[in-house]
Amino acid sequence: MFGSFIGVLVVLVLVFVIVGIVTGNLFYVVKQQHAVIIERLGKFHRIVGAGFHAKIPFVDRKAATVSLRTMKNGFNIDVKTQDNVTIGLEVSAQYHVSYETGSTPQQSGVYKSYYMLQQPVAQMRDFITDALRSSIPVYTLDEVFAKKDDIARDVNDTVSEQMTAYGFTLVSTLITKIALPAEVEDSMNQINAAQRTKAAAQDLAEADRIRRVTEAQAEAEAMEKSGEGIANQRKAIAAGISDSLATIQETGVSAAEANQLFMFTQWTEMMGEFAKTGKASTVVLPSDFTQTAGMFEQMLAAGQANEGSKVPPASPQK
């Protein structure tokens with residue numbers, strides 16, 4: 001009788017195994033970066049990782065397959081800044097199920113992520129929305145743009161602590177876009193354009209000032225060099241005249257005659273130069289060329305009169 005019972009039991013086990021294999025309720029495979037929660041008769045039994053596993057058909061069941069990979073979700077949130085500007089934020093959250101195993105399965109991230117929160121993504125969105133609407137109002141619109149990354153980092157730290165209790169790790173929270181009302185965006189563009197126009201005008205004015213100063217300095221230096229050249233030219237002319245007079249006097253001619261001869265020589269050279277390169281349209285000459293010889297006498301007389309005018313008058317006799 002006992003042998004018959006054993007035989008029936010073996011048959012039942014074989015049938016049970018065959019049915020389990022056919023229906024797929026006996027063996028199962030867990031993929032990499034996944035974990036499976038096994039329940040036995042409706043109660044949590046164990047957590048299995050990646051690999052090949054077996055379970056009791058119709059007694060054990062796979063309650064959930066939990067992904068351990070990092071996931072991403074985006075949210076659109078409307079907030080108001082300190083200067084009463086309503087802006088739209090596009091927020092991207094990267095998160096994954098906590099890898100902590102804990103001292104018991106009930107303390108692991110996989111257990112908490114499945115049994116403690118019905119809609120974890122929706123709850124995380126609520127946490128992020130609440131954190132942003134608490135932090136953004138203390139900043140002006142310009143400060144939100146300037147401190148966008150700091151705000152996102154503070155929100156991530158706050159929400160990460162809250163989601164840890166539910167078996168999730170918030171990797172990062174990013175503010176990917178700040179949308180402005182159309183009229184505010186137009187005003188900001190106009191302000192930016194005005195500032196750039198002002199800066200350009202200042203740069204042009206500074207460039208013009210530098211150009212004028214440079215031109216003035218160059219002109220002053222040119223006039224200085226020109227004055228030095230004229231002074232040196234006059235010195236050279238004076239030295240040449242002195243040498244010429246000294247040479248004439250060496251021939252025995254008196255100083256007055258030498259001076260008169262030099263004046264006549266200068267006049268004839270001037271007339272010769274005028275004949276070659278002169279550009280004047282009028283020249284004064286004697287009407288009778290037979291009087292040309294008298295021109296020298298006239299020049300001598302003018303020279304003597306000029307010298308006589310330089311002699312100081314005699315003091316009156318008492």
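**Stop 1: a sheet of three strands**

Begin with the open sheet of 3 strands in the order β3-β2-β5, where the pairing is antiparallel. Strands (E, at least two residues) and helices (H or I, at least four) are DSSP runs, numbered from the N terminus. Two strands pair if DSSP finds at least two bridges between them. Select β3 and β5 (60-67): these stand at the edges with a single partner strand each, so one side of each has no neighbour in the sheet. From one strand to the next, the twist averages 25 degrees. Axes here are lines fitted to C-alpha atoms, for helices over the stretch in contact, and angles run from 0 to 180 degrees between N-to-C directions.

This is a predicted model: local features need pLDDT of at least 70, side-chain atom pairs count only at pLDDT 80 or more, and totals for chains, interfaces and linings use all residues. Residues are numbered from 1 along each chain as its sequence is written, and side-chain values use heavy atoms, without hydrogens or water.

Now show β2 with β5. They pair in the antiparallel sense over 7 bridges. Pick Glu-39: its bridge partner in β5 is Arg-61.

**Stop 2: the largest pocket**

Turn to the largest pocket, with a volume of about 160 Å³. A pocket is an open set of points on a 1 Å grid over the protein atoms alone, where a 1.4 Å probe fits, with protein on both sides within 12 Å along at least five of seven lines; lining residues have an atom within 4 Å of a point. Grid points are joined across faces, edges and corners, and the volume is the space filled by probe spheres set on them. Select Ala-35, Ile-47, Leu-68, Thr-101 and Val-110, the closest to the pocket's centre of its 13 lining residues. Then colour β2 (34-40), β3 (43-48) and α2 (109-115), which each give two or more residues to the lining.

**Stop 3: another sheet**

Select β6, β7 and β8, an open sheet of 3 strands in that order with antiparallel pairing. β6 (71-80) and β8 (168-179) are the edge strands, each with a single partner.

Which residue in β7 stands opposite Lys-80? Thr-86 does.
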